[in-house]
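Subject: Structure and notes

Hello,

Here is the structure I said I would pass on.

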Amino acid sequence: MDCGDLKMIQLIVNGQPRRFPVGDYGKAQDSNGRVLNITDLLEHMDLQGKRIAIERNGEIVPRSKFDEPMLADGDRLEIVVAVGGG
Amino acid sequence: MRKRETVLDHLNIAGKDYSSRLLVGTGKYKDFPETRAAVGASGAEIITVAIRRTNLGQNPGEPNLLDVLPPSQYTLLPNTAGCYTVEDAVRTLRLARELLDGHTLVKLEVLGDPKTLYPNMVETIKAAEILIKEGFQVMVYTSDDPIAAKQLEEIGCVAIMPLASLIGSGMGILNPWNLQIIIENASVPVIVDAGVGTASDAAIAMELGCDGVLMNTAIAAAQNPILMASAMKKAVEAGREAYLAGRMPKKLYSASPSSPVEGTIAGSSAQQAKTNPFS
């Protein structure tokens with residue numbers, strides 16, 4: 001993939017469909033065609049360094065896996081924080 | 001001076017001692033400074049938090065609750081408020097455990113109805129079983145049904161948290177008799193969760209023998225939340241001490257003077273007593 005190739009994938013993030021470019025990160029695809037890693041995604045959404053937890057397609061994504069390319073078109077993500085509650 | 005019994009009277013949940021028996025929520029405050037001040041005034045060591053989707057693309061510099069109430073200082077108790085199914089509750093707490101670096105102490109509530117926020121006990125028991133199997137230490141919100149409370153204990157919940165009245169209602173202790181049965185049957189802490197409206201409610205809960213009280217709205221919705229937090233701290237302590245002290249028996253229609261009956265300067269007191277229409 002060329003660095004200038006702005007291939008887009010669609011992810012459902014917190015219930016909203018959002019499109020993310022994957023080509024400009026220059027990451028290699030894995031054998032399942034997954035291209036984007038969580039670290040890049042968080043950076044794209046201005047969430048880097050925040051205290052968040054992530055679920056992908058119903059499964060927890062541990063922080064240790066944030067750098068692995070694992071996101072593919074159509075993935076459903078939940079990104080949560082702690083808020084005030086009783 | 002003799003050390004009072006209460007000095008070493010800790011609340012023990014899942015093997016950990018807490019010196020405060022007041023647990024507080026962190027919702028409904030005006031802002032984070034007020035949250036922090038009220039939590040501080042309450043003296044609570046265990047504080048509940050909710051898990052919610054983060055705002056995307058809005059307020060990137062927004063402060064985070066965990067910066068205001070750091071897990072290094074408080075035992076955070078993530079809840080499942082707003083969950084109506086086993087799946088939602090379990091997923092929420094898995095996310096909470098990841099968010100809080102493997103923290104396993106959680107508050108489970110599976111609600112049955114948005115109007116009353118009454119717990120769905122069938123779903124609550126199912127969710128508790130799954131969570132306990134996955135290694136969570138589950139403090140569980142329950143109806144004041146003694147049988148359901150006992151079942152939750154038997155499947156391994158570390159604290160049973162019956163409602164005193166509906167969440168956020170401030171109606172106080174509506175069924176002290178059921179709470180008493182639950183307390184008598186339980187060998188894990190029983191914590192009244194929901195319904196406390198003011199300090200006397202918290203004191204009554206503790207006098208009944210509850211091991212603690214969890215509240216949010218009673219403090220957050222007071223005219224002066226910080227002062228109410230301080231009042232609740234004292235009420236929980238006072239109620240606990242009264243419980244430990246053991247109250248005097250009630251003597252219906254039978255007065256007993258606190259002062260000596262002999263040696264009064266009015267020599268005719270016995271005479272007066274005889275003319276008492278009640279004697």
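Predicted model: local features only at pLDDT ≥ 70, side-chain atom pairs only at ≥ 80, totals over all residues.

Residues are numbered from 1 along each chain as its sequence is written, chains are lettered from A and ligands numbered from 1 in the order in which they are written, and side-chain values use heavy atoms, with hydrogens and water left out.

Cores. A nonpolar core here is a set of buried Ala, Val, Leu, Ile, Met, Phe, Trp, Tyr and Cys residues joined through side-chain atoms within 4.5 Å; buried means under 20% relative accessible area, exposed over 50%, and partly exposed in between (1.4 Å probe, protein chains only). The largest core has 68 residues, and B:Leu108, B:Met215 and B:Met232 have the most contacts inside it. Helix H3 (residues 86-99) of chain B supplies the largest share, seven residues. A separate second core of 21 residues includes A:Leu11, A:Leu41, A:Leu47 and A:Ile52.

Leaving aside residues up to four places away in sequence, B:Leu108 touches, among others, B:Ala89 and B:Leu93, as well as B:Val138, B:Met139 and B:Val140. Contact means heavy atoms within 4.5 Å.

Helix H3(B). Helices (H or I, at least four residues) and strands (E, at least two) are DSSP runs, numbered from the N terminus. H3(B) has 14 residues and reaches 20 Å from first to last C-alpha, close to the 20 Å expected at 1.5 Å a residue (1.5 Å times one less than the number of residues). Its buried residues include B:Ala89, B:Leu93 and B:Glu98. After the helix comes B:Asp101, with a positive phi near 55°.

Pockets. On a 1 Å grid over the protein atoms alone, a pocket is an open set of points where a 1.4 Å probe fits, with protein on both sides within 12 Å along at least five of seven lines; lining residues have an atom within 4 Å of a point. Volume is the space filled by probe spheres set on the points, which are joined across faces, edges and corners.

The largest pocket has a volume of about 480 Å³. Of its 31 lining residues, A:Val81, B:Thr54, B:Glu62, B:Pro63 and B:Asn64 lie nearest the centre. Strand S5 (76-84) of chain A gives the most to this lining, with four residues.

The second largest pocket holds about 380 Å³. It is lined by 28 residues, with A:Gly86, B:Ile167, B:Gly168, B:Asn216 and B:Thr217 closest to its centre.

Regards
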